[in-house]
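Hello,

Please find the structure below. My notes on it come after.

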Amino acid sequence: MPDIDPSPLGAVDSSLADGPSHYYSPQDEAYMARALELARLGLYSTHPNPRVGCVIVKDDAVIGEGWHVRAGEPHAEVNALREAGEQARGATAYVTLEPCSHFGRTPPCAEALVRAGVKRVVAAMQDPNPQVAGRGLKRLADAGIEVVCGVLEAEARTLNPGFVKRMTTGLPFVRIKLAMSLDGRTAMASGESQWITGPAARAEVQRLRAQSSVVLTGADTVLMDEARLTVRGDELELDAEQTALALKRPPLRVVVDSKRRVPLRAAFFQAGPTLVASLLSDKAEYYSLQGHELLTLPEKEGHVDLQALLALLAERGVNEVLVEAGPQLAGAFARQGLVDEYHFFIAPKLMGSTARPLLDWPLTLMSEAAELDIVQTRLVGRDWYVVARPISSQAPTFS
């Protein structure tokens, strides 16, 4: 670690009785940036848990690093403490999320830090989980540990948009992936759509799938495209470790099929366990015997109530949903204000006026047009990748 000016960014009352301190230095930011790098290693594997990294520092030297790999395994703090060993006594721990204070599948990390004898804990943000929500920081402060919170908080929040949104709203973070031509078309009139974009864009889509808790589509897409929507390791273009982690925790594939039109012999079902969201309740046992689940949802305007579906997925621990669907279902998510991010893949080609539109979203007045904030634009192969958010959305985003 190079020498960094240790002068504080700003002095705020650091009394533990008044809560965590916001007194920190550029050096704290540098170590927290490293902890965030470690947390990103869990991008494809931690569901339903948040992505968390931890760095332990003593005498201006890193003595331990760790990140949370997957649910049920040790958290970032425990992995870092194991690497630090006895040197952790008197050290500072940098962690991207408030250490947990409750027993889940693993013991509370706040207790592990207390037992290790660290003298200072710097957290990027408070845990939005109501089971924690400041209790971990309080436990540390009660043990006489100096606690600082809020270092690179914005960066930490963007790392876990789904976890934050699920804990604060009861809904997962929803992305819609849309591949289109320059004239905004997604398929020819016949339904032919493979391939609008090139290999580099398709690799990006594979990574979007891999980081999602759920990949969701509609009956039309499954029937017309013979879609599987699986994560394909040979197209991920990740290193061997990240590819292995992604393939070990594939996203749940969900098909919205109100009238149950998709037969079980379809490629989508043959590719692995599937959740079917339907208005019909019979044959649930038959689906179960075939290794799938039939979920009966309430009706809204003749179709599955999408918000009810998202709420039920959140109850099951789903953080991030990727919607890959045709214009009708994608349009329904957009019309109902359920989209947090649009991921557009734009090919340099024209498909003509008879080709199918991007979204089924009839608007008649310019004042009805949905405004978006473009948050990322870059070239992938010969295609453009544009990420945009509805201006009305308050959900955190991952970048």
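This is a predicted model: local features need pLDDT of at least 70, side-chain atom pairs count only at pLDDT 80 or more; totals for chains, interfaces and linings use all residues.

Residues are numbered from 1 along each chain as its sequence is written, and side-chain values use heavy atoms, with hydrogens and water left out.

An unreviewed UniProt entry gives the feature "binding site" at Ala179, Trp195, Thr221, Asp225, Ser258, Gly326, Pro327, Gln328, Leu329, Ala330, Gly331 and Ala332. The positions span 154 residues in sequence and the farthest two C-alpha atoms are 27.7 Å apart, so they do not all gather at one spot. UniProt positions are in the numbering used here, feature names are shortened, and annotations may be inferred rather than shown by experiment.

Two of these residues in more detail:

- Asp225 belongs to helix α8 (residues 219-225). Asp225 is partly exposed, at 29% relative accessible area (buried is under 20%, exposed over 50%, partly exposed in between; 1.4 Å probe, protein chains only).
- Pro327 lies in helix α14 (residues 327-335) and is partly exposed, at 22%. Leaving aside residues up to four places away in sequence, Pro327 touches Pro357, Leu358, Leu359 and Asp360 (contact: heavy atoms within 4.5 Å).

Helices (H or I, at least four residues) and strands (E, at least two) are DSSP runs, numbered from the N terminus.

Strands β17 (residues 372-380) and β18 (residues 383-390) pair antiparallel over 8 bridges; pairing requires that DSSP finds at least two bridges between two strands. Ile374 is opposite Ala388 in β18. The β17-β18 hairpin has 2 residues between the strands, and Gly381 there takes a positive phi near 65 degrees.

Regards
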